[in-house]
Amino acid sequence: MTRLRSLRMAAALAAAALTVPLLTAATSSAAASSAAGSGQARSASWGRLPDHIFAPYFEAYLKGSPAALAAASGARYLTLAFIQTPKKGSCSIDWNGDKATPISWSVYGSDIAAIRAAGGDVIPSFGGYSADHDGTEIADSCHSVPKIAAAYEKVITTYHVTRLDLDTEDNSLTNKAGINRRNAAIRLVEQWAARCHRLVQFVYTLPTNVAGLDPTGVSVLRSAVSQHARIDIVNIMTFDYYDNKPHEMARDTMTAAGHLFSTLHQLYPMKSARQLWHMIGVTEMIGIDDFGPPEVFKLKDGPVVLHWATAKGLGELSFWALQRDNGGCPGTAGSNTCSGLKQSTWQFTHIFEPFTSW
C-alpha cells in the first residue's frame, strides 16, 4: 500500500456504550451552525458505531467526495485517511498535513452529514506511512501530551465522531517517546470523554507478519497497558509481508489474527475469548499489494475472510482502499486507484459490506 506500508519493507528488501452530546463548548459556532443546518446533529442512539463494522479506507489525499463514493459503492462506513501535522515539530493538524484542508466542518463536513443521513458514519485516521516515516504523525511531531490530546479532541468535537484510528507504522514503531506520548494522550482523552459523557473509542492499526505482530508492535500495546490507555480494537494490516514468499492471503490473514489473539490474551488476561476476538480488526489490501504478485488478495479470498471474521466476531473489517475497488489496471501492483485485478467496480465492497451488524 502506497501510504500504509510496514516498517519491515526496507529491512526485507535490503535482505533480499455511552451517548454523544450533540455539541460541546469546544465545538466552534461555525461547526454548530453547519451541523444544525445539515442535519448532522444526531439522536443519542445513533452515536455508537455497530459492534461489527466494515469501514474501508478512503484516501483523502486523492480528489473525490467520500459521500459520493460511499453512495456509489454501498460502503456505509468509511475510515478517512490521513490526519497529520504540516511539518515535523508542529502540534497542529490538518488533513494530509495540508493547511488548505484544515480540521474544520468546511472540510468533509457536508460529506459526513450526507453519509450519516444515509445511515453510516466515518472514522478519522491519524498517521499513515508517510507521516510515520517523516515525523509528522502527531505524537512523534508534538512533544506536549496535552496538545496531542487536544488534537484528538478537536477532531472528535469538530466532526462529532466516536472512534479514531491511529495508523502506527514505520518510524513511529521505534519512536519510544512518541509511543508513550500517544498512549498518555489517549488516556487524557478517555478521561475527558468520561467527564463529558461521550463515547470515544481508539483503534491501533499496526503492521503484522503471518506469525503475528513484530516486537515493536507489541511494545506499542504494552505501553498502552502501562499508561492505562484503553484500546478498543487492534487492527492488523494483513499484507506487505515482504518475505519473498508466495502467500495465500485469506489463510495468512486468519493465521496472523490467531497470533494476535494470543498476544492480546497475554496483555489482557482478564478478557474472555469473545472479548479478545472483538478487539481484533483486519485490513486487507485488495488485489495486488505493494510487494507485488506474491501477495494478491483475490476476489475468492473475500468471502473466506468475511465468513471467518463473522464467525469469530471480529470488531472491524476493512481494506485499502475504496478508490482501488475497481478493475481499471489489471496487472498493476500497489496502485492508489485500482486493484490490479480483473474485477467489476465495487466488487470487494459488495462482498465485505454484509459484515456490518449490531
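## Disulfides and a helix contact

C91 and C142 form a disulfide, with 2.1 Å between their sulfur atoms. The structure is a predicted model. The link of C91 and C142 is right-handed, with 85° about the S-S bond. This pair ties together distant parts of the chain, 51 residues apart. C91 sits in the loop between β3 (77–84) and β4 (94–95), whereas C142 sits in the loop between α6 (138–141) and α7 (145–159). C91 counts as partly exposed, at 28% relative accessibility, while C142 is buried, with a relative accessible area of 0%.

The chain has 2 disulfides. The other link joins C329 to C338, and both of these cysteines are buried. Because the torsion about the S-S bond of C329 and C338 is about 110°, this disulfide is right-handed. Counting bonded cysteines along the chain, the pattern is 1-2, 3-4.

| Disulfide | S to S | Torsion about S-S |
|---|---|---|
| C91 and C142 | 2.1 Å | 85° |
| C329 and C338 | 1.9 Å | about 110° |

A further cysteine, C196, counts as partly exposed, at 28% relative accessibility.

Helix α8 covers residues 176–196 and helix α9 covers residues 215–226. Their axes come within 9 Å and cross at roughly 40°, which makes α8 oblique to α9. The crossing of α8 past α9 is right-handed. On α8 the contact is made by I179, N180 and N183, and on α9 by V220, S223 and A224. By class, this contact of α8 with α9 has 3 nonpolar and 3 polar residues, and no charged ones.

Definitions and conventions
Residues numbered from 1 in each chain as written. Predicted model: local features only at pLDDT ≥ 70, side-chain atom pairs only at ≥ 80, totals over all residues. Heavy atoms only, no water. Axes fitted to C-alpha atoms, helices over the stretch in contact; angles between N-to-C directions. Helix = DSSP H or I, 4+ residues; strand = E, 2+ residues; numbered from the N terminus. Parallel < 35°, antiparallel > 145°, perpendicular 65-115°, else oblique. Left-handed = near helix turned anticlockwise from the far one by under 90°. Contact = heavy atoms within 4.5 Å. Nonpolar A, V, L, I, M, F, W, Y, C, P; charged D, E, K, R; others polar. Disulfide = S-S within 2.5 Å. Buried < 20%, exposed > 50% of the residue type's maximum accessible area, 1.4 Å probe, protein only.
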